[in-house]
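Take a walk through the side-chain pairings and packing of one protein chain.

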Amino acid sequence: AAGRDGHGLESTRPHTMSGFWGLEVKPGAKPTPLRKQPGEMVMVLKQAALAPTGKLSADPSVLSVSVGSDTNERFVLCHLASGKCEQWAIDLGFGPDEEVNFHLTGKCAVHLTGFYEMDDDSDDEDEMDSEEEEMARMQGEAMEEDEDEESGEEEEGEEESGEEEDEESGEEESEEESEERRIVELDANGKEVSDDGEEEEEESGEE
């Protein structure tokens, strides 16, 4: 998580609460890591409280945190003392790639509690991937519809072209048939005229 002071500390509000986590920090020189192994969750620290184990001391227990490989750079989170301030509300989120360690001075152990949630970046990436897939699917369907429409138009064009060719062929055949009938009729009429002429000539010869 991006820190307000550049050290990875950030006040966060849960978006998708995934589960509870708790950790006991004991006094000593050895730091207590937030994670035993890398994870994919953002861990949110909500509270620090004096552990009810052993004899409580009036001396303050000072809880601090370091982020990164340099454990010497520490930031104080709270001062806890029995009978005065035994717990303290905190609201800090730590990203999945951050190396976080807690440090405690004093005589009393401290319990840390909070919850972990999915990394916002992962949620955004998943949402973007889903949107891209949906857009690609819609574009594919639109392209298929366009192809179907173009194919249908081409088929209709081919059918219309075929009908026009059939009509033109039929008209040509009708014209040819009409011409043939006209020629036959002219021939027939010519023959009749010719026969009439021959008959007239024969009649005039007899006279």
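**From the surface to the core**

Lys-107 has a relative accessible area of 62%, so Lys-107 is exposed, the cut-off being over 50%. The model is a predicted one. Asp-59 sits in the loop between S3 and S4, and Lys-107 in the loop between strand S7 (100–105) and strand S8 (110–118), so the pair ties together parts 48 residues apart in sequence. Asp-59 has 38% relative accessibility and therefore counts as partly exposed.

Side chains of opposite charge can pair when their charged atoms come close. The model has 4 salt bridges in total.

Lys-46 forms a salt bridge with Asp-91, and their closest N and O atoms are 3.6 Å apart. Lys-46 belongs to strand S3 (residues 41–50) and Asp-91 to strand S6 (residues 87–94), so this bridge ties together parts 45 residues apart in sequence. Asp-91 is at 17% and so counts as buried, the limit being under 20%.

Now turn to the helix. Glu-141 and Arg-137 meet through their side chains in a salt bridge, 2.6 Å from N to O. Both residues lie in helix H1 (residues 120–206). They are 4 residues apart, about one turn of the helix. Glu-141 counts as partly exposed because its relative accessibility is 37%. Arg-137, at 41%, is therefore partly exposed too. The pairing extends to a further residue: salt bridges with shared partners join Glu-134, Arg-137 and Glu-141 into one network.

Next, a buried polar residue. Ser-66 is in strand S4 (residues 61–67). Its relative accessible area is 0%, so Ser-66 is buried. What does the side chain of Ser-66 make a polar contact with? The partner is the side chain of His-103, at 2.9 Å. Leaving aside residues up to four places away in sequence, Ser-66 touches Thr-71, Glu-73, Arg-74, Glu-99, Val-100, Asn-101 and His-103.

Aromatic residues come next. A pair of aromatic rings is described by the distance of the centres and the angle of the planes. The structure holds 1 aromatic pair. The ring centres of Phe-94 and Phe-102 are 6.2 Å apart and the planes stand at 90°, so the pair is edge-to-face; the cut-off for that label is over 60 degrees. Phe-94 and Phe-102 are both buried.

The largest nonpolar core has 22 residues. Which of its residues touch the most other members? They are Leu-45, Ala-48, Leu-63, Leu-77, Phe-94, Phe-102 and Leu-112. Strand S1 (17–25), S3, S4, strand S5 (75–80), S6, S7 and S8 each give two or more residues to this core. S3 supplies the largest share, 4 residues.

Lys-46 of S3 takes part in the bridge to Asp-91 of S6. S3 and S6 are also among the elements that give two or more residues to the core.

Methods
Residues are numbered from 1 along each chain as its sequence is written. This is a predicted model: local features need pLDDT of at least 70, side-chain atom pairs count only at pLDDT 80 or more; totals for chains, interfaces and linings use all residues. Side-chain values use heavy atoms; hydrogens and water are left out. Buried means under 20% relative accessible area, exposed over 50%, partly exposed in between (1.4 Å probe, protein chains only). A polar contact is a pair of N or O atoms within 3.5 Å; within protein, one must be able to donate a hydrogen and the other to accept it, and residues adjacent in sequence count only if both atoms are side-chain atoms. Contact means heavy atoms within 4.5 Å. Rings of Phe, Tyr and Trp (its six-membered ring) pair if their centres lie within 6.5 Å; planes under 30 degrees apart count as stacked, over 60 as edge-to-face and the rest as tilted. A nonpolar core is a set of buried Ala, Val, Leu, Ile, Met, Phe, Trp, Tyr and Cys residues joined through side-chain atoms within 4.5 Å.
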